[in-house]
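This report covers model confidence and a few backbone features. The structure comes first, followed by the notes.

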Amino acid sequence: QKWEYEKRRNVWAAYPLDVNAKIAKTCAKGGKTVAIKMRGKEYLVDLVSMVQKSKSGKTKKIKCKVKKQKMETCMQFKISASELINVDTNGLSDPYLVISQHKRVVYQSEVIQDSLSPVWKPFNLFMSTIDTKHPLLFKIYDYDVMGEDELLGMVSVGANQLKLLAPNTTMDLVDEAGQHRGQYGKVKFHFVHTAKVPAMGKGRRGSVERPSPYHVSVIGREKNSAGHIEYILRVIAPLADSKQPVEWTVRKKFGLLQKCHDGVKTMLVENVRKTLKPFPPRPRALFGHSQKFLNERERMLHAYWNSLSRVVPGPTKAESKQVKALRQKVYGFLEVDHHMSKLKLERRLQKEKKKQQEQDRKLQENRQKLEEKRIEQAKSVREKIGISEEWHMVKTPTKKKNQIKDLVVFTSSCPGNTLTRKYTISLLNLFDALKIKYEVKDVSMDRKTREWMLSNSAAINKRQTPQVFKAQQFLAAWPEIHDVHEQGLLMTFLSSGKLPQNPTTAMQEQKSS
């Protein structure tokens, strides 16, 4: 409580995190004084008397505690492999080592390009990250840019047995089922011994070194419709199973590029950050830059993105959340997921198309074989019966039923009397019962339709409805259709368009003639 009270009275000095780290580092080395800078002012901190002094002579008390560094037991490895199988069609395998336990990745090594006898870098495996009661799985995978990595071989070793291994111990690799021992190559443990090293904190994993599959470069600049300069970034994805690499371009303004740089810079470790090329500073003025200035800024952007694309690693089995967030931020800015998903969709459609073509070809072959078999069977039957080959059965073609099309029924929604309404309802109900397709047109609501019906109608009373037309030609009104339906000749009349004669009437006409 006293310290908090004096701190509010500005008696004690409060430092930011970077200054605290600098003071703690000097204390650990045994230094007596350290110079710091805060808010543009310089101070001298005396670590013996625990006092901060300014240039004006004012003093403040400080607190500084140095924590003792914890030591932890770890196993130091150096592993190599030999006589590995080659699974790449365009070169040798690209192997890397993965150590796992209980389906959890403990360590993953770097990728050795084009080698069947890789030698990986020495590494440390902390005892606190593994369970000594269960075995460790040493798996060797082949790195692929596109698709899933393929297992080259594996070996299982107990955690307690690793301490007892003699130097240069060699073991045979097996497949995932634990069979075919010796056919997948060998793995060699050069040295395995325990040592005490400084603790690295909780949740740590082995080092991950996997090359980035994408190459980014700045190829030019153009002005957009608003007059702002947009830089063109070209992204190249070298595919292992493709003849030509896939590439696309992304257009971004300088402000968006700087925003992405500020976000990425906070995610990178200090050692990795030093490998990046410098990002061009933001100018004071937005417009009126010379060509020399723009060319220099484009050159610096090209060098920066070239170095950043090499720093961002590809997806791995043992990666931290920070590395994953960094990759997602950069890949999202470059629209990698959109273009690669589009490419994967095209490849999947091509595979499905080839598969369908192969199925169609096999189906055609099966049909051809069945036809040849049928011909052979018919030939053998003819030989048994004694019929010549020229004889064959002729199948009588079936006559197609005349389909009734283009029927139009002209009606009136405002009929003059109840009889017209009764005729209309009876006609429509008759067509619906016989499942005859037709179109209804209302002459009372459309003047052009009414005029067309009056000019083309051949009925006794042209204004009478309903009237039936077929292919824009008059067929009959309701009374004629009712009589034909009573004779059972309605479908023939509608399909042919000719009104059938009554048999008694036809005989009387022949006698009179």
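N168 is partly exposed, with a relative accessible area of 44% (buried means under 20% relative accessible area, exposed over 50%, partly exposed in between, with a 1.4 Å probe and protein chains only). This residue has a positive phi of about 60° although it is not a glycine. N168 sits in the loop between α3 (159-162) and β11; helices (H or I, at least four residues) and strands (E, at least two) are DSSP runs, numbered from the N terminus.

E83, also not a glycine, has a positive phi of about 55°. The loop between β5 (71-82) and β6 (95-101) contains E83, and E83 is exposed, at a relative accessible area of 54%.

## Cis peptide bond

The peptide bond from T465 to P466 is cis, with omega near 5°. P466 belongs to the loop between α10 (447-456) and β18 (467-470).

## Basis and confidence

The model is predicted: local features need pLDDT of at least 70, side-chain atom pairs count only at pLDDT 80 or more, and totals for chains, interfaces and linings use all residues. Residues are numbered from 1 along each chain as its sequence is written, and side-chain values use heavy atoms, with hydrogens and water left out.

The average pLDDT (the predictor's confidence in each residue, from 0 to 100) of the protein is 78, and 81% of the residues score at least 70.
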